[in-house]
Amino acid sequence: MPSNRTTRSGASHTSDSSHRTRNIIISAGIGAVIIVVCLLFCPFVFMSAKAQTIVRIPRNATPEMLTDTLTRHFDADYASKVMKVFSTFGADLKERHGAYTIEEGMSPLQAGKLLARGQQTPVKLTINGFRTLDTLADRISRKFEFSKSDLLAVLSDSTRLARYGLTPDQAISLFIDDTYYVYWDATPADIISKVGQNYDRVWNSERTAKAKALGITPAQAMIICSIADEETQKSDEKGTITRLYLNRLKKGMKLQADPTVRYALNDFTIKRVTSAMLGTDSPYNTYRYEGLPPGPIRTTSVKTIDALLDSEPNPYFYMCAKEDFSGYHNFAETFEEHKENARRYQQKLNELGIK
């Protein structure tokens, strides 16, 4: 009897020992796997971008092109890991045309997912006081993949512009001073659609009705506002100035606005418009030609548009910059009053040697 108990006890001890050994081996294996996984996977998580960078993927880019771009901005190791993540998600590079912001500190895993999912960063497009369509098109095209000529070609499409009640000469009217957000892969047509939506919002039925009550169209209002914006930076004067222009138009007088002469000469540095300049042969020279010029002489703002539409009637037909150079104007009902205002201003210019 004692002999049998000893045998069973020994067998049990051996079995427990085997289990412990097996568990140790399994645990060691799992630990080894975890270590290997960590060694392989951790760099994808803990490696980070050294600085914020915008990565642009052009149309029809290849994996090699994207890898080169990432390497140039970061380094080869970071780039290869981003591409591995990108491939793991099975994304089609041809469908990822656009611009993407890889933030400082972003891991390869995060960056790869960002690119694979097509999470583009919108381009901030700020329009503020552009004086010519050529300059505007140049500045915009620098932010996108298309060229200036591509954008100008679309802006010369009379059929497209007619949708907004504009002509090619009035194309700059679409770009109301504001901040727009557009993806980098946008086409010129996409840009027109974006700014056109804002133009439609601004020129809603209420504002259009106000313009009609003044005897003008939205397109004509934009031209008047553009001249007022060049005449003064004083917001509290713009309603008075735009109404003065309306007074002259209704009476059949020439606008005789100095900013249109500067525009006709394409020289916005002119401080003193001379008699010789007034003879410039251009449809934009309102000293020589009656009525409004063919188009705006700059982009304008909603604030100026509302200053015109909500302006109070006034009796003025003439204005001249104040001789104190405050940026404000002296207004006059008669030409005799205006001549006196102009005399004081011209005298001050002479005293200061401004030519």
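Modeller: Of the 355 residues of the protein chain, 41% count as buried (under 20% relative accessible area, with a 1.4 Å probe and protein chains only; exposed means over 50%, and partly exposed lies in between). This is a predicted model, in which local features need pLDDT of at least 70 and side-chain atom pairs count only at pLDDT 80 or more, while totals for chains, interfaces and linings use all residues. Residues are numbered from 1 along each chain as its sequence is written, and side-chain values use heavy atoms, leaving out hydrogens and water.

The protein chain contains 15 helices and six strands (DSSP runs numbered from the N terminus: H or I of at least four residues for helices, E of at least two for strands).

Within α15, the residues His-338, Asn-341, Ala-342, Tyr-345 and Leu-349 are buried. They lie on the same side of α15, because they cover an arc of only 100° around the axis (taken from the directions from the axis to the C-beta atoms). These buried residues pack against β5 (318-321) and β6 (329-332), where contact means heavy atoms within 4.5 Å. On the face of α15 turned away from the buried side, Glu-336, Asn-350 and Glu-351 are exposed. After α15 comes Gly-353, with a positive phi near 70°.
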